[in-house]
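Work through the exercises below with the sequence and the model in view. Try each task before reading its solution.

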Amino acid sequence: MNATMSLDEIKHNPVMLDQVLSIISPQHGGTFIDCTFGGGGYSQAILKYSDTKVIALDRDKSTQRYANILKKKFPERFNFFQNKFSDLKSIIKLNLNPRAIIFDLGVSSFQLADNQRGFSFKSKGTLSMQMGINKYSAYEVVNTLDKKKLAHIIKLLGDEKDGKLIANKIAKYRAEKPIKTAEELAFIINGAKKNYKKYKKNTATKTFQAIRIFVNQELTELILGLVAATKLLSKGGIIIVVSFHSLEDKIVKNFFNLYSDLNKNPSRYLPIKENKSGFFKQLSKKPFIPSKKEINQNIRSRSAKLRYAIRNNNLFSNSEEILKKFENYFKIEEMRL
Ligand SMILES: C[S@@+](CC[C@H](N)C(=O)[O-])C[C@H]1O[C@@H](n2cnc3c(N)ncnc32)[C@H](O)[C@@H]1O
């Protein structure tokens, strides 16, 4: 891909794009922040409306090439930064007043398809799994992390009941020779699972998810990103998140519920209690999911959940409560090799 290619040559399926657009309504103009630019699907769709501006970021430097294409087409209305969204406040000015801040979490189809990066089980390249701006790679994690810590990560971040068995197998293997590729790692994990052929999904799915989350500190990123976005939005601004696994969705749901105007009532017979110290209005507490049609066209969308909340005017300065609530995730992801 190079900057002379046209936008239509970027082959990418942005997940739940129609729902995202109907919530953020770019036809009314304004500035939008795309925290997970990827192949630029959302940014490009927003920029089709002439009164819009988009500030996009992505931690992966390989996305710069797609950003260059959009920059060439919309030089005045589009800007891109290679950065992590936990660092949003260093990029966005406090008085910018964006209409919406959008997060589309996880890996992109480009990252998955890149054989050299080790995100997919079949990858024969180095076991990296790094999205960009990382402290360490999956190679370092599986080859050097203490066996007990590894089991803990696999169990908690992958929701994998056989975490200990898998960590044991990994430790046994690496004592002989280093685990170099994703394909090799998948082979070891499959060997640790009993009757692995009976499983519908690849039995390495959960362990791969856990190691990827750990390498990229994805839960810490999400929590800090949500906090930063809440601080940057003013009244009417929207935070919208598309997530792909239950840990992410749990964080988004808890974050919005904790900080929403309407707290859960202790009894359904009592009048609805307004919590004036909240920071959001939520129109629905249930997540939106992709249509059957979208799932048929793009299987990657099948696990997507979309949640959004609308900011009110209350000043959000103290994030202690939410940071405490998710302390456990910070601790796991801070574990040293
Ligand atoms: C699912 S893709 C986004 C696809 C995009 N919405 C589109 O339509 O092309 C997720 C992207 O978010 C990026 N990403 C993940 N975590 C990030 C973080 N903490 N900060 C910045 N970018 C991140 C990944 O590198 C990846 O490119």
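**Exercise 1: Charges and overall form**

Task: Find how many positive and negative side chains the protein chain has, and how far apart the centres of the two sets lie.

Solution: The protein chain carries 59 positive and 31 negative side chains, where Lys and Arg count as positive, Asp and Glu count as negative, and His and the chain ends are not counted. With each charge placed at NZ of Lys, CZ of Arg, CG of Asp or CD of Glu, the centres of the two sets are 5 Å apart.

Before going on, note that this is a predicted model, in which local features need pLDDT of at least 70 and side-chain atom pairs count only at pLDDT 80 or more, while totals for chains, interfaces and linings use all residues. Residues are numbered from 1 along each chain as its sequence is written, and side-chain values use heavy atoms, with hydrogens and water left out.

Next, take the secondary structure: there are 15 helices and seven strands in the protein chain, both being DSSP runs numbered from the N terminus (helices are H or I with at least four residues, strands are E with at least two). The radius of gyration of the protein chain is 21 Å, close to the 20 Å that the globule rule gives for 337 residues, so the chain is as compact as a globular protein of that length; the radius is taken over C-alpha atoms, and the rule is 2.2 Å times the number of residues to the power 0.38. The C-alpha trace spans about 60 × 60 × 40 Å along its principal axes.

**Exercise 2: Cover and core**

Task: State what share of the 337 residues is buried, and name the residues that touch the most other members of the largest nonpolar core.

Solution: Buried residues account for 52% of the 337 residues, on a scale where buried means under 20% relative accessible area, exposed over 50%, and partly exposed in between (1.4 Å probe, protein chains only).

A nonpolar core is a set of buried Ala, Val, Leu, Ile, Met, Phe, Trp, Tyr and Cys residues joined through side-chain atoms within 4.5 Å. The largest such core has 70 residues, and those touching the most other members are Leu88, Ile101, Phe103, Leu157, Ile170, Leu185 and Ile239. Helix 11 (residues 218–232) gives the most to this core, with eight residues. A second, separate core of 31 residues includes Met16, Tyr66, Ala100 and Tyr308.

**Exercise 3: A covered helix and its partners**

Task: Work out how many of the eleven residues of helix 9 are buried, and which helices those buried residues pack against.

Solution: In helix 9 (residues 182–192), eight of the eleven residues are buried, among them Leu185, Ile188 and Ile189. The buried residues of helix 9 pack against helix 6 (138–144), helix 8 (163–176) and helix 10 (205–216).

Within helix 8 lies alanine 167, which counts as buried at 0% relative accessibility. Alanine 167 and alanine 192 are 25 residues apart in sequence and 8.8 Å apart in space, C-alpha to C-alpha.

**Exercise 4: Positive phi**

Task: Find the phi of serine 25 and of methionine 129, and locate each residue.

Solution: Most residues other than glycine have a negative phi. The phi of serine 25 is near 35 degrees, a positive value, and serine 25 sits in the loop between helix 1 (17–24) and strand 1 (30–34). Methionine 129 has a phi near 60 degrees, also positive, and its place is in the loop between helix 5 (109–113) and helix 6. Serine 25 is buried, with a relative accessible area of 14%, and methionine 129 counts as buried at 0%.

Notes. Contact = heavy atoms within 4.5 Å.
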